[in-house]
Amino acid sequence: MKIEFQGLTKQYDQEHIVLKPMDFSDDIHTLAIIGPSGGGKSTLLRILGGLLQPTAGRVAVGGEELPADESALQKYRQRLGFVFQQGGLFRHLSAIDNIALPLEKVHGYTRQEAGRRAEELLDRFGLGEDGRKKPGALSGGQQQRVAIARAVAAKPKLLLLDEPTSALDPEYTNEVLDVIDELKNEGMDFVIVTHEMGFARHACEKVAFLCEGSLLEYGDSASLFAHPKTHQLDRFLSRLLEWNASE
């Protein structure tokens, strides 16, 4: 998936510049966006997803320049999958209905088609016995697996994940990362904002390091982790990996 931006900027006022002007162009299969909190990672992801308009600059995904009007953006967003920190599940709906309803209402599936697709994905992600449960009856890891199932149900051209494990205990974190890794092995293109450095290093082909609104480093994950070029990335990795030698 080709991702490009030129002069991409996001600011809310003269003193609150979230993303400083940046240029980027590459074919992406699996990309991890890493960096300290407040560096602009989630903002960049939301701009790529058409959920947030940049202040200035050009953005193109898959050769398609992001439109400015809302009706065109809605059509663009329908071709993407989104997973957020808390999953964003409808609390009053069962797991199966959380997956099936968007297929029916947004993507034009019949009720029967949507139900079959939802059941297929629940089985695939180890949730076949939990389809009738509402989110409150599921563990954090199960909820995020349902959220991922919903995001990939319509077979999006690109999956965007914004710190999908940030609110999870370690055991549930591994559940969710395993599912994302399976999707990668099946050819799903994705961009993930994450603080899980082991996943960024070993499961993602490319890594982008954002710090204070600037794209300071980008490249192959193995090379970027082994040989950081900026003191900011070197310091960031040293702090995160200090207590995890296995990374």
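Visitor: Is Tyr218 buried, partly exposed or exposed?
Guide: This is a predicted model, in which local features need pLDDT of at least 70, side-chain atom pairs count only at pLDDT 80 or more, and totals for chains, interfaces and linings use all residues. Residues are numbered from 1 along each chain as its sequence is written, and side-chain values use heavy atoms, with hydrogens and water left out. Buried means under 20% relative accessible area, exposed over 50%, and partly exposed in between (1.4 Å probe, protein chains only). Because its relative accessibility is 29%, Tyr218 counts as partly exposed.

Visitor: Which kind of aromatic pair do Phe24 and Tyr218 form?
Guide: Rings of Phe, Tyr and Trp (its six-membered ring) pair if their centres lie within 6.5 Å; planes under 30 degrees apart count as stacked, over 60 as edge-to-face and the rest as tilted. For Phe24 and Tyr218 the centres are 4.7 Å apart and the planes make 85°, and the pair is edge-to-face.

Visitor: How many residues apart in sequence are the parts that this pair ties together?
Guide: Helices (H or I, at least four residues) and strands (E, at least two) are DSSP runs, numbered from the N terminus. Phe24 lies in strand β2 and Tyr218 in strand β10 (residues 214–220), so the parts tied together are separated in sequence by 194 residues.

Visitor: Is Phe24 buried or exposed?
Guide: Phe24 belongs to one aromatic cluster with Phe5 and Tyr218. Its relative accessible area is 11%, so Phe24 is buried.
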